[in-house]
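User: I would like to learn how to read side-chain features in a model. Please take them one at a time, with the general idea before the case.

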Amino acid sequence: MQAREIMSARVIAVEPETPVMQVAALMRERGIRGVPVLQGTELVGIVTEKDLLHRYEIGTDRSGNEQSWWRRVVGHNLEPDWYVKSHGRCAQHVMTQRVISVGPETTVRVIAALFDSHRIGRVPVVADGRVVGIVACADLVKALAGGRWAVATGRQAPTGDVEIRQQLLAELGRQAWWNGTASEVVVTDGVVLFNGVVENDAQRRASHVAAENVPGVRSVQDQRLLVAELPAMF
């Protein structure tokens, strides 16, 4: 699945000179958590709820006490930047200038990783230098709720126990936490049975989820012992 398939194509944007109060009102009225800032057609920044968090109008602006004196001396003094962010009148004063963007062909896996690594909740989709859409966390949720995953994966239900076991082992084999030498997988009439040893409950739960996601599996049983339980046997 790619960005073009889940993005919101109707982009609500503002200009660098748009007043901050107007930006805030727009976000509230449209029920959105961020807007790109465009200079003509060029993406120059983005304003999100986080950018409007510390404003003097509501008494949340930062104080000089939030930065240690030695950091002000040996490093960059952030107080002037904070002042602009909390007192600036226009979008260009509060916007985040280093915008993470993606292309229409960017996969949702990459987008989700960007959300995690940069701690953001939306990315503009840019094609030929123009913003053509926005992908937000909500769009990933909509894609899940809409059942697009079934189309994207293209999986077909296995025809029997042998095929179920093969598909499950293939999925488990791709996971770094799976130890195939310590666990045995048996499938009988659609029931998956795990025998052997497992390192911890997290790995047990993960292997159960892997099994439950294989079409044709009716239930999962687990008779594996925890590694921590083994010494008590001797």
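User: By the salt bridge rule, how many salt bridges does the count come to?

Analyst: First, the basis: this is a predicted model, in which local features need pLDDT of at least 70 and side-chain atom pairs count only at pLDDT 80 or more, while totals for chains, interfaces and linings use all residues. Residues are numbered from 1 along each chain as its sequence is written, and side-chain values use heavy atoms, with hydrogens and water left out. A salt bridge is a side-chain nitrogen of Lys or Arg within 4 Å of a carboxyl oxygen of Asp or Glu. By this rule the count is 8 salt bridges.

User: Which residue forms a salt bridge with Asp-222, and which parts does the pair tie together?

Analyst: Helices (H or I, at least four residues) and strands (E, at least two) are DSSP runs, numbered from the N terminus. Asp-222 pairs with Arg-204, with 3.1 Å between the closest N and O atoms. Asp-222 belongs to strand β7 (residues 219-222) and Arg-204 to helix α10 (residues 201-212), so the bridge ties together parts 18 residues apart in sequence. Arg-224 also forms a salt bridge with Asp-222, its closest N and O atoms being 2.7 Å apart. Asp-201, Arg-204, Asp-222 and Arg-224 are linked in a network of salt bridges.

User: Are Arg-204 and Arg-224 buried or exposed?

Analyst: Buried means under 20% relative accessible area, exposed over 50%, and partly exposed in between (1.4 Å probe, protein chains only). Arg-204 is buried because its relative accessible area is 15%, and Arg-224 is buried at 5%. Asp-222, at 22%, counts as partly exposed. For another bridge, take Arg-174 and Glu-171, whose closest N and O atoms are 2.7 Å apart. There Arg-174 is exposed at 58%, and Glu-171 is partly exposed at 28%.

User: How many aromatic pairs does the count come to?

Analyst: A pair of aromatic rings is described by the distance of the centres and the angle of the planes. Rings of Phe, Tyr and Trp (its six-membered ring) pair if their centres lie within 6.5 Å; planes under 30 degrees apart count as stacked, over 60 as edge-to-face and the rest as tilted. The count here is 1 aromatic pair. The ring centres of Trp-178 and Phe-194 are 6.2 Å apart and the planes are at 65 degrees, so this pair is edge-to-face. Trp-178 is in the loop between α9 (161-173) and β5 (183-188) and Phe-194 in strand β6 (residues 191-198), so the pair ties together parts 16 residues apart in sequence. Both Trp-178 and Phe-194 are buried.

User: Which charged end sits over the ring of Phe-194?

Analyst: A charge sits over a ring if NZ of Lys or CZ of Arg is within 6 Å of the ring centre and within 35 degrees of the ring normal. Over Phe-194 sits the charged end of Arg-224, 4.5 Å from the ring centre. The charged end of Arg-62 sits over the ring of Trp-82, 5.1 Å from its centre.

User: Where is Ile-32 found, and which residues is Ile-32 in contact with beyond its neighbours within four places in sequence?

Analyst: Contact means heavy atoms within 4.5 Å. Ile-32 is in the loop between α2 (20-30) and β1 (34-39). Leaving aside neighbours within four places in sequence, Ile-32 contacts Ile-12, Leu-26 and Met-27. Its relative accessible area is 22%, so Ile-32 is partly exposed.
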